[in-house]
Amino acid sequence: LNKMSQLIITEGVTWELLVVNNNSLDNTEEVLKKYEPVLPLKRLNETALGIGNARNCALREASGDYIIWTDDDAFVEKEWLVEYCNAFRRFPDTVLFGGTIDPFFEGEPPDWLKKVFPSVMNYYTVVDRGQDGIKLNPELLPYAANYAVRAKEHFKYYYNPNLGRKGDVLSGGEETDLFERLLKDGFDGRWVPKARVKHYISKERQTITYLRKTIYDRHKVAANFL
């Protein structure tokens, strides 16, 4: 939220920040109250557990021409919103957009993780499609912590609540499923390389145990879904 308060807002652009409390047991509400004076916050509650349900809650309450998504453990860059707005204007017929996600490790990551990270970074929601504004396709998609969808199409495409993280199940796929449906139905996607966020990787995630569980949970849910 502190990073959100530092965003550069393009002249003529109005925006709102929707935050969904999905049965949190921490001090989320106190933190939100703290930032209400400095952010255009819209506080939402979704009691049905799961990120797919939380995303659908936000989608039902959203307004505006585009909906930009990020996660509660991602830090947006100051130009994040500017870069997306520039892309919206440059590609008015494009429906799906995605941006770069860089890793932000808590402390120094262990040597084993440094060595294997290029092969497992997708399990840490890290992605870089290069500096060109390439077209997206099923092999080149955005990741959950940084993407945008034009609202008039998005309101017809909701998330599958059976996919994605739910409580202690470290799965994913709710956003990938939506991207694939959009592209399959003929809508264009575009990479926005300078719309960057940093994904926070805590010490507890820098373990073999965490990585194994994440890989297992994601593939288990994907297999069940198929």
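This is a predicted model: local features need pLDDT of at least 70, side-chain atom pairs count only at pLDDT 80 or more; totals for chains, interfaces and linings use all residues.
I take buried as under 20% relative accessible area, exposed as over 50%, and partly exposed as in between (1.4 Å probe, protein chains only). I number residues from 1 along each chain as its sequence is written, and side-chain values use heavy atoms, without hydrogens or water.

Entry: aromatic pairs. I count rings of Phe, Tyr and Trp (its six-membered ring) as a pair if their centres lie within 6.5 Å; planes under 30 degrees apart are stacked, over 60 edge-to-face, the rest tilted. I find 15 aromatic pairs in the structure.

I looked up Phe 75 and Phe 104: the centres are 5.6 Å apart and the planes at 70 degrees, so this pair is edge-to-face. I take strands (E, at least two residues) and helices (H or I, at least four) as DSSP runs, numbered from the N terminus. Phe 75 is partly exposed at 31% relative accessibility, and Phe 104 is partly exposed at 36%.

Next I looked up Tyr 84 and Phe 88: with centres 5.9 Å apart and planes at 20 degrees, the pair is stacked. Both residues lie in helix 3 (residues 80-90), four residues apart, about one turn of the helix. I note one aromatic cluster formed by Tyr 66, Trp 80, Tyr 84, Phe 88 and Phe 97.
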